[in-house]
Amino acid sequence: MGGHVSSFHTRVRSGRVGAAVAAAGLLTALLTAGPAAATPDPGDLTPGSGNQQGAGLADGRELAPGEIPGQDEIVHSANIKPLANIPSADPAAINSDLAFQGRYAYAGSYNGFTIYDIADPKAPKTVTQVLCPGGQNDISVYGDLLFLSTDSSRSDDSCNSVSQPATEKSSWEGIKIFDIKDKKNPRYIKSVETNCGSHTHTLVPGGRDIYLYVASYSPNEAFPDCKPPHDGISVVKVPKKAPTQASVVAFPILFPDGGNPGAPTNPGVSKTTGCHDITVLPSKNLAAGACMGDGILFDISRPEQPRVIDRVQDNVNFAFWHSATFNERANKVVFTDELGGGGGPTCNEATGPNRGADGIYDITGRGDQRKLAFRSYFKIPRHQADTENCVAHNGSLIPVGGGRDIMVQAWYQGGVSVWEFTDSAQPKEIGYFERGPLTTDQLGLGGSWSAYYYNGHIYSNDIAKGLDVLRLDDWRTESAKWVRLDRLNVQSQPEYR
């Protein structure tokens, strides 16, 4: 979800790049020439080190225009206050997406997931950690069920599995389901294998059943369970009263023409071979898909048969359609472009303001005549160091109502940005929180993977630093503090009012 999350999956499972420094030269070459689809996933890199942040966060300060903060230095706008940080228990693991339910936050990582008690946002507590390796462990929750995505080829479906090449038929990737009734002792109860794994999944609530839209991509003739064409998504049906009967019930084709051909037709653009992430708006029976070289709007009134209404491409500035967010009135969609795969330094003057950015689209027309109409790009106005991986990543609406459109978003080492797009053509940043570079001598991997607003606070899962809790005090967002949710899976957007 992950929306989540990282992107550009090479799916070459046996030869991970072991260190960020080894990838730095590769990324530099890929960002200046060649198709974006070849860019490694952040999971191919090693998290940067830097200093481990403690729970007593420094107050920080505001940045001067054009300034880059010092190594590990905390900076933030006057309207954001850092409240707490729980350092990563496993500094070697990459932290990924977040989900929420009641007083708990659920944080994925490439090694499993952690449950936090956030009843007191100023003093969150670790409830339990579950070791269950399998990139990238995109995560969602519903009732007593927790769902994890495995998109790294494993020897089997257990939590004791080891990496195994995708060329071997016995390799496993897909969805894992846990019973989390006892928060201190989650139980693994079911797995569902899906074609090409599960890079992300999106929970679609229903009556008797829950559906998961499983996004995956990058097929290869050499992969027995992931051969081309791969032009759709897997639909997993989970009976609420019998979750161990979960199974794949459909594979709807979203791109009967194959989607964006990518390079050489469209240089620097990913060829569409599936979707990276999907956001559903169940109250409107709508979904928005970020699908590598394409952005799509589709009808999900029949959840097993999602139907494409409109499809757009941006072959000038978008390299990889990564994730999507509707506004509250469902007349806009923000799509993100994860240029560089999350491992590249793209928030700099050389890359410019229109690449590795958000694309804001208005939804025009009605019914099947609805269209996605491009309005503008948004990118954080704070340049980052060339040693910082930075690009548009996972965010959520801040439910302010009243016709205003404001969201919070993660930008890896670009930190956390709060920005307004009420005027689709004139978006602007209204708040930020970030740390200085993890490393100053080579490209490091770190920063906020997901930054979401939940029940009055911003929660950020930082790849290297762990869970951050932020408080936002701004007249434009005060109304959101009165909106209380009992659950938030960001890619399953709620109706806030």
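Me: Which residue in E9 does Ser149 stand opposite?
Reply: Ile175. Keep in mind that this is a predicted model.

Me: How many bridges join E8 to E9?
Reply: Seven. E8 covers residues 145-154, E9 covers residues 172-179, and the two run antiparallel.

Me: What sheet are they in, and in what order?
Reply: An open sheet of four strands, ordered E7-E8-E9-E10. The pairing is antiparallel.

Me: Which strands are at the edges?
Reply: E7 (136-142) and E10 (187-193). Each of them pairs on one side only.

Me: And how far are neighbouring strands turned against each other?
Reply: By 25° on average, direction ignored.

Me: Switching topic. What volume does the largest cavity have?
Reply: About 110 Å³.

Me: Which residues are closest to its centre?
Reply: Tyr412, Arg435, Gly447, Ser448 and Asp462. In total, 16 residues line this cavity.

Me: Which strand gives the largest share of that lining?
Reply: E26, with three residues. Strand E26 spans 428-435, and strand E28 (457-462) also supplies at least two.

Me: What's the lining like by class?
Reply: Six charged, six polar and four nonpolar residues.

Me: Now E21 and E22. Parallel or antiparallel?
Reply: Antiparallel, over seven bridges. E21 is residues 358-364 and E22 is residues 371-378.

Me: What is the bridge partner of Ile363 in E22?
Reply: Leu372.

Me: Which residue in that hairpin takes a positive phi?
Reply: Gly365, with phi near 75°. The hairpin has six residues between the strands.

Note on methods: Residues numbered from 1 in each chain as written. Predicted model: local features only at pLDDT ≥ 70, side-chain atom pairs only at ≥ 80, totals over all residues. Heavy atoms only, no water. 1 Å grid on protein atoms, 1.4 Å probe; cavity = no way out; pocket = protein on both sides within 12 Å on 5 of 7 lines; lining within 4 Å. Points joined across faces, edges and corners; volume = space filled by probe spheres on them. Nonpolar A, V, L, I, M, F, W, Y, C, P; charged D, E, K, R; others polar. Pairing = 2+ DSSP bridges. Axes fitted to C-alpha atoms, helices over the stretch in contact; angles between N-to-C directions.
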